Amino acid sequence: MKIVADDKIPYLKGVLEPYAEVVYRPGRAIAAADVADAEVLLVRTRTRCDAGLLAGSPVRLVATATIGTDHIDLAWCARHGVEVVSAPGCNAAGVLQWVAAVLAASFGASDPASVTVGVVGVGHVGSLVARYAQAWGFRVLCSDPPREQAERLGVAQGYVPLAQLAAESDLVTFHVPFTQQGTFATCGLGGADFFRALKPGALVLNASRGGVVDEEVWLAALAAGRCRAGVDTWAHEPAIDRNLLAAAQFATPHIAGYSLQGKANATAAVVRAVARRYGWPLTAWYPAQVQPVERQPIDWHALCGRIGDYFDIARQSAALKAEPERFEQFREEYAFREELF
C-alpha cells in the first residue's frame, strides 16, 4: 500500500517504511495526482483535503498532525467513507507556554492577584491555560458556550458571558476552533461587540486560528489605543496583515504550539492512527529522540525568571517584524523548543 505524507511532519521518516511505500511531498504541493494510488494521507494544515484532492482516489484515511481540522472537508470525507483522525491536545502545553511567555513579559512585575485573565474556549488548551493561570494567582474568567450548555457551567464555576469577560479582563486569550456555521460558530467571535465591551488597555491574544478575531476590527481598536495585541495565528496565512504586525506587541509566525514534545505528540497520533487501522505494531509508538515532559506546577516567580531561556518571545517577535515576508520560512524552519513545565 502507499502512504503520502507531508515532508515537514517531524520524526516520521523511516517509521512507516517497513510496512508501506511512503512518499513525502511539501504540504502545499500535495495534489490529486499524488494520491491517485494512495490509501493513506498524512498532512498538516497546509494541505486542503476536499473533493478536489480526494475524489476518485483510494484514500481511506486522512490523518492530520494538528489539533484543528478546518483544512479538511469533514462532511465530504464522511459521505465517501474516508476516516479522518486529528491530534487533539497534542500542542496544548506548547501553546500554554506561549501564553506564559506573554504573561511573564507583560505582567512579570505585577501581583498576579491584581490581574484578570480571560480564557475564551476551555478545551484542551484553554483548560490548561486557565488551570495554570489560577495556580499562578491570577483571577481567571472563562467563556465557552458549548461547554457551558453541555455541562451546565456558570458563574459559580468561573464562566461568564463573553462581553463580561471582555469588560473585566486585563488579558483575553482565544483558544477555540475555527468554525463558520452552527449556533456556536467562532469566525469573527472577537468582533465589533467584543471590542466595544473590551476593558481599555487590555491585551488580546489569538493563538487559536486566524479569523477567530476580526483583524479589521482589531486594527481599528489598536489604532484608537483601546487595546494591545499578541498574534500567532493570522487570517490569510502565509500572507499576514502588515499593519496588524506593526501594531502588535507580540507577533509570531503560527508557532505557539511548536514545542519538541508537542510535535512529537502530533506525529505519534498519526502514526498510531495508521497502526490501529492496519494492525501494525506501532500503536504505542513515540519518537525515541524526544523526552516527554510531565505537567508539573511552577511558581510564578520561577516562571518569570526562566521562561525566557526556553522561549524568547520578544526576540521572535522582532524577527518577524523585521522580515514579514519570511513568515512561511520562519514557520517551516522553526527550531522546536523544549517545554519548561
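Analyst: Pro238 sits in the loop between strand S10 (227–231) and helix H10 (242–247). The model is predicted. A cis peptide bond joins Glu237 and Pro238. Its omega is about 5°.

Strand S10, on one side of that loop, spans residues 227–231. Cys227 is buried, because its relative accessible area is 7% and the cut-off for buried is under 20%. Cys227 is in no disulfide. The nearest cysteine sulfur belongs to Cys187, 19 Å away. For the structure as a whole, the number of disulfides is zero.

Now the wider region. UniProt lists residues 109–256 for "domain: D-isomer specific 2-hydroxyacid dehydrogenase NAD-binding", in an unreviewed entry. Over residues 109–256 the chain is 32% helix and 18% strand. The end C-alpha atoms of this stretch are 23 Å apart.

Next, backbone angles. Arg152 is a residue other than glycine, yet its phi is positive, near 55°. Arg152 is found in the loop between helix H6 (145–151) and helix H7 (162–168). At 78% relative accessibility, Arg152 counts as exposed. Tyr11 also has a positive phi, about 65°, and is not a glycine. Tyr11 lies in the loop between strand S1 (2–6) and strand S2 (21–25). Its relative accessibility is 18%, so Tyr11 counts as buried.

Another loop to inspect holds Ala185. It runs between strand S8 (171–174) and helix H8 (192–197). Ala185 is partly exposed, at 28% relative accessible area. Leave aside its neighbours within four places in sequence, and Ala185 is in contact with Thr179 and Gln180. Ala185 and Arg196 are 11 residues apart in sequence. In space, C-alpha to C-alpha, they are 20 Å apart.

Then the aromatic rings. The structure holds 12 aromatic pairs. One of them joins Trp136 and Phe341, with ring centres 6.0 Å apart. Their planes meet at 80°, so this pair is edge-to-face. Trp136 lies in the loop between helix H5 (124–135) and strand S7 (139–143). Phe341 lies in the segment after helix H14 (327–332). The pair therefore ties together parts that are 205 residues apart in sequence. Both Trp136 and Phe341 are buried.

Phe195 and Trp218 form another pair. Their ring centres are 6.5 Å apart and their planes are at 35°, so the pair is tilted. It links distant parts of the chain: Phe195 is in helix H8, and Trp218 is in helix H9 (residues 215–223). Phe195 counts as buried, at 4% relative accessibility. Trp218 is buried too, with a relative accessible area of 0%.

Trp136 and Phe341 also belong to a cluster. One aromatic cluster is formed by Tyr132, Trp136, Phe138, Trp300 and Phe341.

Arg337 lies over the face of Phe311, at 4.1 Å from the ring centre. The charged end of Lys13 sits over the ring of Tyr24, 5.3 Å from its centre.

H4 covers residues 92–107, which is 16 residues. At 1.5 Å a residue, H4 should span 22 Å. Its end C-alpha atoms are 22 Å apart, which agrees. Of the 16 residues of H4, 14 are buried, so this helix is largely enclosed by the rest of the structure.

Back to the starting point. The loop between strand S10 and helix H10 holds Pro238, and the bond joining Glu237 to Pro238 is cis.

Definitions and conventions
Residues numbered from 1 in each chain as written. Predicted model: local features only at pLDDT ≥ 70, side-chain atom pairs only at ≥ 80, totals over all residues. Heavy atoms only, no water. Helix = DSSP H or I, 4+ residues; strand = E, 2+ residues; numbered from the N terminus. Expected span 1.5 Å × (residues − 1). Buried < 20%, exposed > 50% of the residue type's maximum accessible area, 1.4 Å probe, protein only. Contact = heavy atoms within 4.5 Å. UniProt positions renumbered as here; feature names shortened; annotations may be inferred. Phe/Tyr/Trp six-rings, centres within 6.5 Å; stacked < 30°, edge-to-face > 60°. Lys NZ or Arg CZ within 6 Å of the ring centre and 35° of its normal. Disulfide = S-S within 2.5 Å.
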